[in-house]
Amino acid sequence: DPADIGDPQIDVVVPTLNEPVEMLRRSLIQALAIDYKNKSVYLLDDGKRDEARDLCVQLGVSYLRRQGTEGGKAGNINVALPKLEGEFILILDAEFIAFREILKVALGNFDDPKVGVLQLPQSYQNYNSFQRNSGPY
């Protein structure tokens with residue numbers, strides 16, 4: 001556990017542009033399950049979809065929708081930044097399933113005052129035909 005930074009507020013943001021709502025559901029449920037008490041989860045919807053907003057209401061996730069789509073994903077994040085309150089921000093791709101321990105692992109790196117940004121490695125899994133045929137994604 002991080003020794004010097006305490007339990008800062010973390011904003012977990014998931015930018016999206018038209019990924020399937022069921023994919024978002026899995027990603028958001030896992031983001032909510034991250035083992036860290038002082039966090040908020042946001043969906044940043046560039047697709048402007050009411051079904052994505054409704055999913056957020058159902059799950060208790062904050063929903064942000066911007067007017068345009070300038071700058072793509074980076075533009076989406078930049079528009080959201082002034083609306084966030086966390087001391088740290090974790091950005092997850094819409095198809096990303098985060099490990100429950102991701103914040104406990106990541107925050108310790110910020111004990112070093114030279115660290116301002118952290119990029120964590122990703123691992124990928126290809127589903128076999130049984131998994132693929134057993135349900136969506």
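## Terms and model

Ala, Val, Leu, Ile, Met, Phe, Trp, Tyr, Cys and Pro count as nonpolar. Asp, Glu, Lys and Arg count as charged, and the others, Gly among them, as polar. The model described here is predicted.

## The second largest pocket

By these classes, the lining of the second largest pocket holds 18 nonpolar, 3 polar and 2 charged residues. The space inside this pocket comes to about 640 Å³. Its lining is made of 23 residues, and I89, L90, I91, L118 and Q119 are the closest to the centre.

Which elements each supply at least two residues of this lining? They are α3 (72-80), β4 (88-91) and α4 (102-107).

## The sheet

Strand β4 also belongs to an open sheet. The sheet has 4 strands, ordered β3-β2-β1-β4, with parallel pairing. β3 (62-65) and β4 are the edge strands; each has a single partner, so one side of each lacks a neighbour in the sheet. From one strand to the next, the twist averages 25 degrees.

Inside the sheet, β1 (residues 10-16) pairs with β2 (residues 39-45) in the parallel sense, over 7 bridges. In one of these strands, β2, K39 is the bridge partner of I10.

## Helices on the sheet

Conventions: Residues are numbered from 1 along each chain as its sequence is written. This is a predicted model: local features need pLDDT of at least 70, side-chain atom pairs count only at pLDDT 80 or more; totals for chains, interfaces and linings use all residues. Side-chain values use heavy atoms; hydrogens and water are left out. On a 1 Å grid over the protein atoms alone, a cavity is a set of points where a 1.4 Å probe fits but cannot get out, and a pocket is an open set with protein on both sides within 12 Å along at least five of seven lines; lining residues have an atom within 4 Å of a point. Grid points are joined across faces, edges and corners, and a volume is the space filled by probe spheres set on the points. Two strands pair if DSSP finds at least two bridges between them. Axes are lines fitted to C-alpha atoms, for helices over the stretch in contact, and angles run from 0 to 180 degrees between N-to-C directions.
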